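The following paragraphs examine how the parts of this structure are arranged and where they meet. Please keep the sequence and the coordinates in view while reading.

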Amino acid sequence: MSGGVDSSVVAGLLKSQGHDVIGVTMKLWEGPNGEMPETGCCTASDSEDARKVAAKLDIPYYVLDYTESFSEKVVDNFIDMYAQGLTPNPCVECNRSVKFDHFLKQAKELNCDKVATGHYAKIIENENNFELHKADYLDKDQSYVLHMLSSSTLEHVMFPLGTISKPEVRQIAADLGLKTAFKKDSQDICFVGKKNYRNFVDKRIDISTSGDIVDRDGSTMGQHEGVHEFTVGQRKGIPGGQGEPKYVTKIDVRNKKVFVGDKKDLLTSSFYLEDVSFVNGIENENLTIQTRYNSEDLPCEIKMITKNTLEVSLLEPTYGVAPGQFGVIYNGTNLIGGGRITSKLNETLPV
Amino acid sequence: MKKDEYLYLDHAASTPMREVAFEVYKYTESVAFANSAGGHALSRKAKNILEESRDSIANHFGAAPKEITFTSGGTEADNWIIKMPFINNKNKNAELVTSQIEHEAVLGSAEWVESLGYKVHLTPCDKDGVIKADDVLKNVNKNTEIISIMLGNNETGVVQPIKEISQALKELDSEYIFHSDVVQAVANRKLDFHNIGIQSAAISGHKIGGPKGVGIMFLSSEVKLPSFLHGGKQELERRAGTVNVSGVASLSAALDEQQNSMIVQNQKILNERSEFEKKLWNSLDVMVVGDTVDRLDHISNIQFSEINSETLMVALDLKGLGVSRGSACASGAQKPSHVLQAMKVSNEKINSHLRFSFGWNTNVGDGIKAADIVLSVIKGMS
């Protein structure tokens, strides 16, 4: 229970269906003296909202401490990725390593049959397995950030909001008299808050990584203050002014070079996914892929290259495939699997 | 589970109010609600109840009534005594000697003193949680303003050698305040402050069956300290703020009952704790903190081998047993204990401890009942 309306409604729905419900707020991030943060999500006031909802629903409620695994598995990874010139997705890492790993294990120790969250996604139970599907309410579909869940994990998970729209969720919250009914959704990276994530990264890594900004002909256009300031597809902060806008096309961390080019240089038709996982094993027909959270579904073909690496070929090239983000493969609404987009793709680009 | 089936073993955090404390509170608030500092008949009545309570409380601790000041709780008393000697202190080299295992009220005040630029010595403890008198004494010098060492630790119950320290301090030719946070120790020790050799002490009402929001500061008549709260001249002109007369009277009644029944009470608590520890000891791989040293009767801090105490605490709560782990923070998430860290408990084991604490209304059989819940919960977790 983050203290938002979605997880509040999940608790309310399950309770009204007669389940034996326990509310948990995961404390993921903390200030220097161990206090709950004051900005972003998971703030002290959010956990207070969650506590009030749990009290209203008359369910046991706990704040449990995951700061160590979150810091190690999510925040350190976030910083590492930027330092490597990649574009991280901390929500995916958090789901993989904290929510549906550490937390799920703890829930099992407490003899809970299922962990339910306020994610918008759908689980379909078949005779022999569980499938993960996009939420019926596509505007809010969050299956992308859940792609790493396997059928055997889904067996222990519930997403009660998979068939409900956001306005309906707010209505249910209002009907249940929950104070979070009209609370604004949080869009921030929870541990960065409203601050610029680059300031956050700057404070935590050695920024003596300044180097050249290089255009497609190989000539130096200017200097940059560190590769972590850039991500592939970025326009802001590139020198050059007049004429065609320029975009970051590739980041070479070892040589501290940021390559820029025209928009067409960002066109990608094939790339690789690493650390690939499948919900129920690979499929090859009628596939599409999302290369960012809630982005367009692009028709594609896939081929396993090694045990964990997948080659993706798009039927139509696209802009803005950013290394570090995840490629998530669907067959219609059925989520097949996904993995992290590697930086290899840009080596095929002209620079 | 029904509320009355809930087994409460967190008395060291707060113990329920005694029936007599409830009655006295209600009575005082109804017949003597007036401000005790006023000049009319109802104020005189309140003032009289206040001073009778002060006399009675002072008597329990071998102190003079004027050595007793009522505060909002143990935390205020600790803050007052530790901070005030450093306000406008002309000696820039003034020092504070305390320990790593103090209650947060003392450690937080010490941190504040340090932030003003004064030197603070945090005395370590040994692996059993005992502070060695010599380790305290070696940091005491002519610049020492105050020495603050707790009597019984709130997390482990381990008793500290206060008398040994006070006797050694007497040999030194220097001026200092020897303060002790006796909040936990008061629960099951009879204390004569002058005899122990301390100049000040902090006591909390709700740890002995009195109400929350009222506490006692003992300050020996030899010591003068500036006021902490300024305003009206209440409490012998030491502390501003309308005195919580009903709270004080209620605390005094609770203390009377507690002190007068202590021998019987302690025996019952000790029996229950022994049964509890024995049963766990016989069935599980556990370690009882401080079981070979002097320990307050009501606290049992247990290290469970290879069990995460956060999960265990939740599982016990769900089965109707309320205990605690480390110190609570605002959100309810609990951090590893600074006391166990000071005892050099390893990182793997520090998250395997729970504190079970017994109290005045613990029933015969509760120890075994608690152990049975722990055993069944642990069986269910694996």
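In chain B, 29 residues of domain 1 are in contact with 33 residues of domain 2, contact being defined by C-beta atoms, placed from the backbone, that lie within 7 Å. The side of domain 1 of chain B that touches domain 2 comprises 13 nonpolar, eleven polar and five charged residues; here Ala, Val, Leu, Ile, Met, Phe, Trp, Tyr, Cys and Pro count as nonpolar, Asp, Glu, Lys and Arg as charged, and the others, Gly among them, as polar. Helix 9, strand 10 (299-304) and helix 11 (338-342) of chain B are the elements that give two or more residues to this side. Helices (H or I, at least four residues) and strands (E, at least two) are DSSP runs, numbered from the N terminus. Domain 1 of chain B covers 3-17 + 261-381 and domain 2 covers 19-259, with bounds from an automatic or database domain assignment. Their centres, taken over C-alpha atoms, are separated by 27 Å.

The model is predicted: local features need pLDDT of at least 70 and side-chain atom pairs count only at pLDDT 80 or more, whereas totals for chains, interfaces and linings use all residues. Residues are numbered from 1 along each chain as its sequence is written, and chains are lettered from A and ligands numbered from 1 in the order in which they are written.

Helix 9 (residues 262-283) of chain B also meets helix 13 (residues 366-381) of chain B: their axes come within 7 Å and cross at roughly 30°. Axes are lines fitted to C-alpha atoms, for helices over the stretch in contact, and angles run from 0 to 180 degrees between N-to-C directions. Helix 9 of chain B is therefore roughly parallel to helix 13 of chain B, a term for angles under 35 degrees. Among the residues that make the contact are Phe276(B) and Leu280(B) of helix 9 and Ala370(B) and Val374(B) of helix 13. By class, this contact of helix 9 with helix 13 in chain B has seven nonpolar, two polar and five charged residues.

Chain A is assigned domain 1 (5-118 + 159-175), domain 2 (207-265) and domain 3 (267-348). The centres of domains 1 and 2 of chain A, taken over C-alpha atoms, are separated by 37 Å. Five residues from domain 1 of chain A and seven residues from domain 2 of chain A form the contact.

The mean pLDDT of chain A is 87, on the predictor's scale of confidence in each residue, from 0 to 100. Over residues 346-351 of chain A, pLDDT stays under 50. Where pLDDT is low, the predicted coordinates should not be read in detail.

Technical notes:
Angles under 35 degrees count as roughly parallel, over 145 as roughly antiparallel, 65 to 115 as roughly perpendicular and the rest as oblique. Two residues are in contact if their C-beta atoms, placed from the backbone, lie within 7 Å.
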